[in-house]
Amino acid sequence: MRIEEVASTTRAQRVATHTHIKGLGLKDTGDALPMGMGWVGQEQAREACGIVVDMIKAKKMAGRALLMAGAPGTGKTALALGIAQELGMKVPFCPMVGSEVYSSEVKKTEVLMENFRRSIGLRIKENKEVYEGEVTELTPEETESTTGGYGKVVSHVVIGLKTVKGTKQLKLDPTIYDALQKEKVSVGDVIYIEANSGAVKRVGRCDSYATEFDLEAEEYVPLPKGEVHKKKEIVQDVTLHDLDSANAKPQGGQDIMSVMGQMLKPKKTEITEKLRQEINKVVNRYIDTGVAELVPGVLFIDEVHMLDIECFTFLNRALESSLAPIVIFATNRGICEIRGTDLNSPHGIPVDLLDRLVIVRTLPYTPEEIVRILAVRAQVEGITVDEESLAKLGEIGERTSLRHAVQLLTPAAIMSGTNGREEVAASDIEELADLFVDAKASAKLLAEQAEHYLV
């Protein structure tokens with residue numbers, strides 16, 4: 001008798017750079033935990049971000065901006081992701097990098113505007129009257145054609161719908177009969193019909209017919225509960241960019257020319273300012289009547305020093321508009337040149353825009369914090385590391401950078417496996433330190449051996 005082990009079919013989650021970040025790691029009082037939700041250190045920056053999250057939830061921060069400034073590898077991007085996690089799925093979070101604005105097809109300001117609109121959500125609440133149930137009868141009533149000739153036309157259609165609570169017979173317009181035919185509705189199907197628009201949706205086949213065939217490519221659904229005629233509140237979350245793109249694209253027909261036109265689509269087109277203004281009018285009308293509510297989201301621009309003076313001028317104006325999201329910038333630059341000018345400025349951002357920003361500093365990690373972060377990463381990646389190896393990696397992180405130390409974790413696990421051990425030992429780390437060179441050591445080698453390289 002042969003026994004084989006079957007490999008698990010559960011999908012392994014891919015471990016990314018910031019997989020371990022689950023939030024901001026704050027207490028209910030707003031104070032930062034020394035270790036929590038994947039975070040180690042940066043207590044002041046996390047507390048500041050916690051206040052920003054409360055302001056966003058209270059809708060008190062729309063049109064304001066936050067700058068995260070700090071050395072490379074001090075957790076600026078992680079802080080932005082922590083804010084996104086704290087806000088939850090319902091608040092739009094749109095991350096982008098400063099260099100994304102440079103496109104050969106679309107203007108820089110258009111790319112920024114598109115991302116601004118992606119970061120503003122609209123929650124639309126609709127009360128819909130629907131008739132829902134299993135079709136028990138479907139009878140089209142025909143009359144003589146009024147246009148003459150011998151043909152007959154459908155004057156109305158009688159449909160019977162059944163739910164757990166009762167049944168109802170409806171007399172429907174012939175246009176709804178066309179919709180029923182398009183959805184291929186037959187007796188025994190579960191459908192719902194919207195009372196306002198007459199739209200028909202086939203949900204599936206009633207599960208009482210599940211034993212009808214041995215094999216069938218059908219989705220079986222249970223008999224709907226409640227009355228046949230019911231009111232439903234439908235909540236939809238969309239972004240302003242979704243509304244822009246839905247109205248910008250002309251709806252093509254089914255004829256050959258329209259289909260060919262869609263296939264041979266030109267390059268990416270810009271959405272005009274006029275269209276956006278029209279959509280803003282409609283959105284404002286919805287908000288005033290209480291049909292919809294605005295959800296200002298977060299636009300995160302990493303490496304903001306990559307933007308040029310045109311983009312910064314545009315951001316000044318965009319932040320003042322009535323429909324503006326919360327903008328979070330991140331940069332690791334000190335005093336440097338503003339792109340597109342000869343002027344030097346802190347963080348490569350013009351002084352007039354810096355004046356509008358609230359700045360959060362991220363500080364370099366201490367050796368103890370580096371060791372703790374490495375322990376968290378090793379746990380997330382499923383790597384067993386002993387105390388001595390962690391201390392060794394901490395020393396490397398302090399001498400080089402935290403990123404370099406984190407990057408050595410996986411090669412160390414592979415090396416210990418090759419040497420027949422399950423736990424990473426200090427000898428593996430020492431061997432890796434000789435094999436892989438960090439950025440500082442590489443720069444030093446280049447300076448020493450400059451004559452051997454091409455200039």
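A pocket here is an open set of points on a 1 Å grid over the protein atoms alone, with protein on both sides within 12 Å along at least five of seven lines, and its lining residues have an atom within 4 Å of a point.

1. **What you are looking at.** This is a predicted model, in which local features need pLDDT of at least 70 and side-chain atom pairs count only at pLDDT 80 or more, while totals for chains, interfaces and linings use all residues. Residues are numbered from 1 along each chain as its sequence is written, and side-chain values use heavy atoms, with hydrogens and water left out.

2. **The chain overall.** The protein chain has 15 helices and 19 strands; these are DSSP runs (H or I of at least four residues for helices, E of at least two for strands), numbered from the N terminus. Of its 455 residues, 40% are buried, where buried means under 20% relative accessible area, exposed means over 50%, and partly exposed lies in between (1.4 Å probe, protein chains only). Contact means heavy atoms within 4.5 Å. Among contacts with a separation of 6 or more, 67% join residues 24 or more positions apart.

3. **The largest pocket.** Its volume is about 660 Å³, counted as the space filled by probe spheres set on the grid points, which are joined across faces, edges and corners. The lining of the largest pocket consists of 27 residues, and Thr17, His18, Gly73, Leu402 and Arg403 are the ones nearest its centre. Strand E2 (39–40), H2, H10 and helix H12 (402–407) each give at least two residues to this lining. H12 provides the largest share, with four residues.

4. **Arg377.** You will find this arginine in helix H10 (residues 367–380). Is Arg377 buried or exposed? With a relative accessible area of 5%, Arg377 is buried. Leaving out residues up to four places away in sequence, Arg377 touches Val15, Ala16, Thr17, His18, Thr19, His20, Val406 and Leu409.

5. **A five-stranded sheet.** An open sheet has the strand order E4-E13-E14-E3-E17, with parallel pairing; two strands pair if DSSP finds at least two bridges between them. At the edges are strand E4 (93–97) and strand E17 (357–362), each pairing on one side only. From one strand to the next, the twist averages 20°. Helix H2 (residues 76–87) lies across E3, E4, strand E13 (298–302), E14 and E17, and runs at about 140° to E3. For such angles, axes are lines fitted to C-alpha atoms, for helices over the stretch in contact, and values run from 0 to 180 degrees between N-to-C directions.

6. **Strand E14 within that sheet.** How many of the six residues of E14 are buried? Six of six are. Ile326, Ile328 and Ala330 are buried on one side, and Val327, Phe329 and Thr331 on the other. Strand E3 (residues 65–70) pairs with E14 (residues 326–331) in the parallel sense over five bridges; here Leu67 stands opposite Phe329, and Met68 stands opposite Ala330. E13 runs parallel to E14 and is joined to it by four bridges, with Leu299 opposite Val327.

7. Arg361 belongs to strand E17 and counts as exposed, at 60% relative accessibility. Arg361 and Met68 are 293 residues apart in sequence, but 5.9 Å apart in space, C-alpha to C-alpha. Neighbours within four places aside, Arg361 contacts Ala45 and Ala69.

8. Ile176, Tyr177, Ala179 and Leu180 are buried in helix H4 (residues 174–182). Why are these on the same side of H4? Because they cover an arc of only 160° around the axis, taken from the directions from the helix axis to the C-beta atoms. The face turned away from the buried side carries the exposed residues Thr175 and Lys182. Covering the buried residues of H4 are elements including strand E5 (120–144), strand E6 (152–162), strand E7 (167–172), strand E8 (189–194) and strand E9 (200–206).

9. **Two positive phi angles to check.** Lys184, in the loop between H4 and E8, has a positive phi of about 55° although it is not a glycine. Lys184 is exposed, with a relative accessible area of 68%. Met37 has a positive phi of about 55° and is not a glycine either. Met37 sits in the loop between strand E1 (35–36) and E2, and is partly exposed at 42% relative accessibility.

Definitions and conventions:
1 Å grid on protein atoms, 1.4 Å probe; cavity = no way out; pocket = protein on both sides within 12 Å on 5 of 7 lines; lining within 4 Å.
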